[in-house]
Amino acid sequence: MESENDKFTIVRADKVDFDVRKQMSEIFSEGFSQWLVFFSKDQNNIAKAFAHMFVLNQFYVAIANNKIAGMTACTNGVHRSVRLDKKELRKHLGFFKGSLAGIFLKKEFEAPFEEFPPNTGSIEFVGTSSEFRGQGVASQIIKHIIENTPYKDYVIEEVADTNTSAMNLYNKLGFEEYKRKPLPEIRARKIGINHFLSLKYVKR
């Protein structure tokens with residue numbers, strides 16, 4: 001199922017008729033490389049290292065003129081949206097850092113949520129290409145997911161409390177905070193974040 005407006009077509013990533021991985025990984029690198037600087041400070045290298053990981057039938061993308069404008073995953077909390085391959089990580093990050101990425105990020109990205117509520121969709125990896133920011137891409141993808149997936153509730157886990165633009169977007173879409181996780185003081189000082197927030201949307 002897909003939806004369109006004047007500018008963007010929203011479609012599940014495995015239904016796109018061209019290879020989406022390179023562009024998705026570039027969006028991932030732009031949005032998430034600040035968390036991955038230990039493994040590489042080069043955004044292009046991060047993009048190459050993680051291009052393999054997307055489980056495409058769990059992602060929705062916004063397309064404009066054969067360009068991926070944005071992406072978002074939606075899972076049931078059990079089947080995760082990415083799958084890491086240590087060989088690919090080592091190829092681009094080197095044996096040592098690639099191996100560490102395979103160990104630590106596998107836990108972070110692939111472990112099923114504990115006690116995940118039934119009939120709930122998990123919104124993950126929300127990202128917009130720098131070329132299309134400020135044009136409502138993420139908003140349109142999330143609306144499409146809510147309208148075209150069967151879940152009753154939707155959650156977004158671990159949004160940094162300093163990410164005000166994301167919080168404004170999610171609040172505008174009807175998500176409300178239901179939990180916050182404080183960070184240890186030393187880590188909070190190091191990365192400039194005090195809490196990770198969890199948000200929920202309930203279909204009316």
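**Close-up views of a predicted model**

**View 1. Surroundings of Val-61.** Leaving aside residues up to four places away in sequence, Val-61 is in contact (heavy atoms within 4.5 Å) with Thr-9, Ile-10, Val-11, Ala-13, Val-16, Met-24, Ile-68, Gly-70, Met-71 and Ile-141. The model is a predicted one, in which local features need pLDDT of at least 70 and side-chain atom pairs count only at pLDDT 80 or more, whereas totals for chains, interfaces and linings use all residues. Residues are numbered from 1 along each chain as its sequence is written, and side-chain values use heavy atoms, with hydrogens and water left out.

**View 2. The largest nonpolar core.** A nonpolar core is a set of buried Ala, Val, Leu, Ile, Met, Phe, Trp, Tyr and Cys residues joined through side-chain atoms within 4.5 Å, where buried means under 20% relative accessible area, exposed over 50% and partly exposed in between (1.4 Å probe, protein chains only). The largest such core has 30 residues, and those with the most contacts inside it are Met-24, Phe-28, Phe-50, Phe-54, Phe-59 and Val-61. Two or more residues each are given to this core by H1, H2, strand E3 (59-64), strand E4 (67-75), helix H3 (86-93) and helix H4 (95-110); helices (H or I, at least four residues) and strands (E, at least two) are DSSP runs, numbered from the N terminus. H4 provides the largest share of this core, four residues. Another core, of 26 residues, lies apart from it and includes Ala-62, Ala-64, Leu-197 and Leu-199.

**View 3. The crossing of H1 and H2.** The axes of helix H1 (residues 21-32) and helix H2 (residues 43-50) come within 8 Å and cross at roughly 130°, the axes being lines fitted to C-alpha atoms over the stretch in contact, with angles running from 0 to 180 degrees between N-to-C directions. H1 and H2 are therefore oblique to each other, a term for angles that are not under 35 degrees (roughly parallel), over 145 (roughly antiparallel) or 65 to 115 (roughly perpendicular). Ser-25, Glu-26, Phe-28, Ser-29 and Glu-30 of H1 make the contact with Gln-43, Ile-46, Ala-47 and Phe-50 of H2.

**View 4. Two loop residues with positive phi.** Most residues other than glycine have a negative phi. Asn-65, in the loop between E3 and E4, has a positive phi near 55°, and Asn-65 is exposed, with a relative accessible area of 75%. Glu-115, in the loop between H4 and strand E5 (120-128), has a positive phi of about 50° and counts as exposed at 80% relative accessibility.
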